[in-house]
Amino acid sequence: MDSIEISAAGMRAQRARMDVIAANLANVDTTSARTELRDGEVRHVPFRRKLAVLIEGADGLPRVKLVEDPSEFRVERQPGHPHASAAGTVLFPNVDPMVETVDLMAASRAYEANVTAAEVAKSMQQSALRILG
C-alpha cells in the first residue's frame, strides 16, 4: 500500500462524511421520516441525525461507519402543525445546522489535506523517475 492509496482512502472517507452532513442539513426540518402507532395514536417520528464515524478497515485504511445520533429530538409547541401530537407538540430532528456546518468545514479541510499529500507523493515519485532515468 503506497502513500497515494492511503490519501485516496482518506479522500473517500471525507467525501462520505460530507455526504452524510449534507443529508443531515437537507433534513433539518423533516418532522415525519416515518410513523409509528403508540398508545392508539399515530406518532410522527422525525429524521434522526446520522454520524459518520471513521474506523480502521481490515486493510488498515480508513472506513466510514454510519451511526444514528441518540440525542433527544427538539420539541416545539405548534398546535396547528400537521404532525402535532394531541398535546400540540411537534418533534423536530436533532440536527443543529451550526454543528453540521463546522463538521462540514472540518471534513473539507481534511479532504484538502489528503489531496495535498497525494500531490506531494506524486511529485516525489516523478522526481525519483527523473533521477533514475
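Q: What does glutamate 36 form with arginine 34, and how far apart are the closest N and O atoms?
A: Glutamate 36 and arginine 34 make a salt bridge, with their closest N and O atoms 3.1 Å apart. The term means a side-chain nitrogen of Lys or Arg within 4 Å of a carboxyl oxygen of Asp or Glu. Keep in mind that this is a predicted model, where local features need pLDDT of at least 70 and side-chain atom pairs need 80 or more, while totals for chains, interfaces and linings take in all residues. Numbering starts from 1 along each chain as its sequence is written, and side-chain values use heavy atoms, leaving out hydrogens and water.

Q: Which salt bridge does arginine 43 make?
A: Arginine 43 pairs with glutamate 36, also by their side chains, at 3.1 Å from N to O.

Q: Why does arginine 43 count as partly exposed, and why does arginine 34?
A: Arginine 43 counts as partly exposed because its relative accessibility is 28%. Arginine 34 gets that label because its value is 47%. The cut-offs are under 20% relative accessible area for buried, over 50% for exposed, and partly exposed in between, with a 1.4 Å probe on protein chains only.

Q: OK, what about lysine 50, which residue does its side chain meet in a salt bridge?
A: That would be glutamate 68, at 3.7 Å from N to O. The pair ties together distant parts of the chain, 18 residues apart: lysine 50 is in strand 3 (residues 50-56) and glutamate 68 is in strand 4 (residues 62-68). Lysine 50 has a relative accessible area of 26%, so it is partly exposed. Glutamate 68 is partly exposed too, at 48%.

Q: Which residues do salt bridges with shared partners join into one network?
A: Arg34, Glu36, Arg38 and Arg43. The search over the whole structure turns up ten salt bridges.

Q: Switching topic: how much space is in the largest pocket?
A: About 210 Å³. Here a pocket is an open set of points on a 1 Å grid over the protein atoms alone, where a 1.4 Å probe fits, with protein on both sides within 12 Å along at least five of seven lines; lining residues have an atom within 4 Å of a point. Points are joined across faces, edges and corners, and the volume is the space filled by probe spheres set on them.

Q: Which of the lining residues lie nearest its centre?
A: Glu41, Val42, Arg43, His44 and Ser85, out of 13 residues in the lining. Strand 2 (41-45) and strand 6 (89-92) are the elements that give two or more residues to it, and strand 2 has the largest share, with four.

Q: How do the lining residues divide into nonpolar, polar and charged?
A: Four are nonpolar, five polar and four charged. Nonpolar covers Ala, Val, Leu, Ile, Met, Phe, Trp, Tyr, Cys and Pro, charged covers Asp, Glu, Lys and Arg, and the others, including Gly, are polar.

Q: And asparagine 114, buried or exposed?
A: Buried, because its relative accessibility is 19%. Asparagine 114 sits in helix 2 (residues 97-132). Beyond neighbours within four places in sequence, asparagine 114 is in contact (heavy atoms within 4.5 Å) with Ser7, Gly10, Met11 and Gln14.

Q: Last one: how many helices and strands are there?
A: Two helices and six strands, all DSSP runs numbered from the N terminus (H or I of at least four residues, E of at least two). Their order is α-β-β-β-β-β-β-α.
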